[in-house]
Amino acid sequence: MKKYFLHNGTESSGPFDLIELKAQKITKKTPVWFEGMQHWKNAEEIPELNSIFEVMPPPFEPVAKPKAVKKTKKVQILGLSKNTFFVVFGLLALAVGSIVFNTLQDERSRELELKNHKTEVANYQYELQQKEIEEQKLIVAEQEKKEAERLLKEQKQTISKRLLEISDLLAVAQENLEATEHKINDTRSSKSLRNTNERNEQIGLLQNEINGYKTEIDQLQMELAELKLESEKIK
């Protein structure tokens, strides 16, 4: 049994057999297609479909009765005809609305300008503050640099002064050590002492002095080496 497809100009529907096709209430100009056809055809071009066309009567148009012409009295508002009044009223409303709209736009423009001005002032003040902060940082950095240079200079001076003092102390300690060593040698060879115990006692005292000078010299030399090392680091 053939199956038919219909097309309404935008989309197709189906398949339908003859009984179902009759229920679709197709017309002679309805596009139809079935398997074996190359192209769509109007329903009137397919012989087996002639029996299902519906005869559509023309639309009924009742005979219109002539209307009686009524005389109407023209309505006036404020001395103007109704149509003229509404036209004038519309123009006035449009003018008032335009004035109100322009006023609101001007007010918004002024508010926006004021807001922009406040923003510019705030930005300018912020830039000034940042510039002042940067200047303060530079001043502080310069002061810190000068202070560091001053402390470094004082440290160098202190080290130099102490180095001179150590040199003098070493010279004195060396002289005292040599003098004491001469004394101990003289004491050992001296015959003016009354007995050996007295000589040994005096030699012991002189030896203690020699040990003290040697200890002092060692400490001064150690301090001298440390100061020289420190001095080289801060150059």
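In this predicted model, the axes of helix H2 (residues 82–189) and helix H3 (residues 196–233) approach to within 8 Å and cross at roughly 160°. Because angles over 145 degrees count as roughly antiparallel, that crossing makes H2 roughly antiparallel to H3. The crossing in which H2 passes H3 is left-handed. Sorted by class, the residues in the contact of H2 with H3 comprise 16 nonpolar, nine polar and 11 charged ones.

Two residues, one from each of these helices, illustrate the pairing. Ile210 lies in helix H3, and its relative accessibility of 4% falls under the 20% limit, so Ile210 counts as buried. Leaving aside residues up to four places away in sequence, Ile210 touches Leu177, Thr180, Glu181 and Ile184. The C-alpha atoms of Ile210 and Thr180 are 6.4 Å apart, although 30 residues separate the two in sequence.

Asn176 belongs to helix H2. With a relative accessibility of 30%, which lies between the limits of 20% and 50%, Asn176 counts as partly exposed. Asn176 and Lys214 are 38 residues apart in sequence, and their C-alpha atoms are 9.9 Å apart in space.

A further residue, Gly36, is placed in the loop between strand S3 (31–34) and strand S4 (41–42). Gly36 counts as exposed because its relative accessibility of 73% is over the 50% limit. The C-alpha atom of Gly36 is separated by 10.0 Å from that of Lys2, a residue 34 positions away along the chain.

The pairs described above are collected here.

| Residue pair | Separation in sequence | C-alpha to C-alpha distance |
|---|---|---|
| Ile210 and Thr180 | 30 residues | 6.4 Å |
| Asn176 and Lys214 | 38 residues | 9.9 Å |
| Gly36 and Lys2 | 34 residues | 10.0 Å |

Turning to the protein as a whole, its secondary structure consists of three helices and six strands. Along the sequence, these elements follow the pattern β-β-α-β-β-β-β-α-α. Of the contacts with a separation of 6 or more, 50% are between residues 24 or more positions apart.

The protein has 235 residues, of which 15% are buried. Its accessible surface amounts to about 20,000 Å², and carbon and sulfur atoms contribute 56% of that area.

How values were computed:
Residues are numbered from 1 along each chain as its sequence is written. This is a predicted model: local features need pLDDT of at least 70, side-chain atom pairs count only at pLDDT 80 or more; totals for chains, interfaces and linings use all residues. Side-chain values use heavy atoms; hydrogens and water are left out. Axes are lines fitted to C-alpha atoms, for helices over the stretch in contact, and angles run from 0 to 180 degrees between N-to-C directions. Helices (H or I, at least four residues) and strands (E, at least two) are DSSP runs, numbered from the N terminus. Angles under 35 degrees count as roughly parallel, over 145 as roughly antiparallel, 65 to 115 as roughly perpendicular and the rest as oblique. A crossing is left-handed if the near helix is turned anticlockwise from the far one by less than a right angle, and right-handed if clockwise. Ala, Val, Leu, Ile, Met, Phe, Trp, Tyr, Cys and Pro count as nonpolar, Asp, Glu, Lys and Arg as charged, and the others, Gly among them, as polar. Buried means under 20% relative accessible area, exposed over 50%, partly exposed in between (1.4 Å probe, protein chains only). Contact means heavy atoms within 4.5 Å. Accessible areas come from the Shrake-Rupley method with a 1.4 Å probe; for residues, only the protein chains shown count as cover.
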